[in-house]
Amino acid sequence: MKNIIIFIMLIFFIGNLFSVASDESFIDIHGFVSQGYLQSSHNNFITSTQDGTFKFNEIGLNFATDLSEKLHVGFQMLARDLDKEGFTPVNLDWAYGDYRWNDFLGLRMGLIKVPYGLYNEIRDIDFLRTNILMPQSIYNEGWRESVSSIEGGGIYGVIPLVGFGTMNYQVYSGLVKLPEDGRMSKSVTLSIFEQDSQNIVEKQSNVANIQWETPLDGLKLGFSWLDLDFDSSGINAYSRKAKEMGLTPNLETIENEWDSEVYTGFMEFSWGNLTLSAEYTEYNYDVEFIYHVPYNHPQAGAMYVPQTFEPFTAMGYYGSLTYRFTNWFEANSYYAEYYFDKDDKEGKRFSDAGLEDYRGWLKDATFALRFDIDEYWTLKLEGHKMYGVAFTFGDENLEEDGTSAYEEDWYLFGAKVTFNF
Amino acid sequence: MEKKKIYLLIFSIIFILSLVWEQPLFLQTAFAEPSVTIIANISVQENSISAKNLKKIYLGKKTTWEDKSKIFFVICEDTELHKSFLKIIKKTPSQFSNHWKKQIFTGKGKAPLKFETKEALIEYIATTDGAIGYILGSCEADNVKTLLIID
């Protein structure tokens with residue numbers, strides 16, 4: 001905590017310093033501090049929202065410079081708190097070298113923001129958008145830490161299409177880190193396997209983003225592909241309990257090979273103070289299990305029993321409208337839908353298992369207000385009308401007697417203030 | 001009263017107050033725009049520039065002139081002049097500011113160099129090969145040329 005306070009003080013100090021410093025500094029230093037509040041009428045969403053929570057903040061500080069006309073380097077430190085007790089440690093958010101050969105071709109190496117969809121690169125930069133929570137159907141807050149940055153390299157550029165606008169592209173390959181205490185890891189552990197411990201090994205992942213700025217001024221169309229592969233292994237909860245009781249479990253460990261791909265198509269249209277945007281995404285999950293059976297078990301003949309889980313596809317989309325009414329006031333509204341399985345929009349997969357069918361979707365109608373107090377300070381307020389509980393976890397929404405506390409129809413309110421320089 | 005109704009009421013009041021506090025942009029009368037002149041260092045070979053190329057330069061998507069020399073673009077702190085210039089490249093001040101903040105906070109670029117006075121901006125253009133900027137009115141300084149904006 002002491003480190004975080006020092007970090008915050010450093011940001012305000014540097015922010016103050018730079019408000020009077022020369023614009024011709026060799027090193028550019030920028031930063032932000034935000035503090036938010038979330039409260040839901042029912043259901044804990046990402047964090048303990050039902051009781052209202054201030055555990056919703058970000059602090060970032062970055063340094064960048066041009067080492068030559070073509071070589072740009074920089075890094076950003078980020079501390080973030082949403083669902084964990086206390087602050088997360090200060091982490092490297094991005095850090096890379098950028099060699100821009102020419103406008104058509106540049107090379108980036110290091111820890112790079114993942115260009116997934118229209119806005120994934122700026123999901124931590126709260127003051128660049130009107131809403132507080134981005135549409136969860138595309139930008140699930142619980143997965144943020146796992147799709148934020150890619151450690152590797154790739155190419156980017158802007159290709160003029162004579163008479164047909166321009167094409168911006170980014171293609172990167174490398175490792176996407178999945179923190180073992182993160183919510184994506186928890187999803188892997190809990191949703192299917194009943195594992196109570198998890199070991200994740202990330203594999204080579206790839207991401208590509210192509211954006212066409214059409215000849216119609218302000219209209220942008222694009223497509224992104226994210227290939228996220230990893231292996232996980234864990235001990236089955238029942239097996240561990242059986243071993244503790246001195247019994248021979250019929251299953252010892254499970255290894256999983258995950259091959260997930262995320263395809264997103266998007267559009268953005270800006271006309272004066274009006275911005276319309278929409279995205280559609282499909283998440284394809286293909287998982288293979290390898291069960292490890294003990295030698296002394298009757299089934300030990302089948303030491304490795306590879307099984308392939310039926311691949312399934314989740315889907316999400318949203319439509320958003322933003323309008324700037326005055327120089328300091330802007331409003332946004334969006335409607336988003338997400339389905340855990342696009343071929344099972346009725347949630348049969350869950351109801352067949354004796355669970356609420358609305359665990360299979362999340363429908364979110366949002367209205368957000370943004371106030372730019374000055375160049376540095378931003379205040380935002382927003383309300384969500386939600387149907388369904390996808391992206392939440394059952395163990396975080398239990399009654400005292402252990403039964404489900406889920407409600408299908410609920411509200412979420414958010415407020416956030418941000419300082420940036 | 002239920003919490004959700006209180007929140008809805010607060011939202012509605014804030015929204016209405018925000019709308020009446022200041023005249024919305026879409027109701028503001030258009031006044032005569034200040035005359036924006038695009039100037040560049042004498043080393044720049046071009047004598048004219050299209051609005052589309054100007055937009056690419058100021059969004060960091062075009063970084064070299066036709067002779068492959070580096071472009072150094074600068075902006076002016078004068079709010080009205082800046083707004084008038086942004087109309088040429090079809091961006092609002094908030095869109096332009098957000099574009100550059102996105103570059104800065106994702107590591108893709110440095111903030112554009114900004115000058116408080118016309119004199120300081122002209123001096124920079126005059127002494128920096130490949131520099132381009134905009135001013136109000138005309139400029140007679142040595143080593144600085146005016147670029148004609150073409151469609």
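Here are legends for a handful of close-up views of this predicted model.

Local features need pLDDT of at least 70 and side-chain atom pairs pLDDT 80 or more, while totals for chains, interfaces and linings use all residues. Residues are numbered from 1 along each chain as written, chains are lettered from A and ligands numbered from 1 in written order, and side-chain values use heavy atoms, leaving out hydrogens and water.

**View 1. The open sheet of chain B has six strands in the order 2-6-1-5-3-4, with mixed pairing.** Strand 2 (48–50) and strand 4 (113–115) of chain B sit at the edges with a single partner strand each, so one side of each has no neighbour in the sheet. On average, neighbouring strands here are turned by 35° against each other, direction ignored (axes are lines fitted to C-alpha atoms, for helices over the stretch in contact; angles run from 0 to 180 degrees between N-to-C directions). Strand 1 (residues 36–41) and strand 6 (residues 144–150) of chain B run antiparallel, joined by four bridges, and Ala40(B) stands opposite Lys145(B) of strand 6. Strands (E, at least two residues) and helices (H or I, at least four) are DSSP runs numbered from the N terminus; two strands pair if DSSP finds at least two bridges between them.

**View 2. Helix 2 (residues 51–58) of chain B has Leu54(B), Lys55(B), Ile57(B) and Tyr58(B) as its buried residues.** They span an arc of only 160° around the axis, which puts them on the same side of helix 2 of chain B; the arc is that of the directions from the helix axis to the C-beta atoms. Buried means under 20% relative accessible area, exposed over 50%, and partly exposed in between (1.4 Å probe, protein chains only). Just after helix 2 of chain B, Gly60(B) takes a positive phi of about 80°.

**View 3. Phe45(A) and Trp410(A) make a tilted ring pair, with centres 5.8 Å apart and planes at 50°.** Rings of Phe, Tyr and Trp (its six-membered ring) pair if their centres lie within 6.5 Å; planes under 30 degrees apart are stacked, over 60 edge-to-face, and the rest tilted. Phe45(A) is in the loop between strand 1 (28–40) and strand 2 (57–66) of chain A and Trp410(A) in strand 18 (residues 409–420) of chain A, so the pair ties together parts 365 residues apart in sequence. Phe45(A) counts as buried at 1% relative accessibility, and Trp410(A) at 0%.

**View 4. Tyr338(A) and Phe391(A) form a tilted aromatic pair, 4.2 Å centre to centre with 35° between the planes.** Tyr338(A) and Phe391(A) are both buried.
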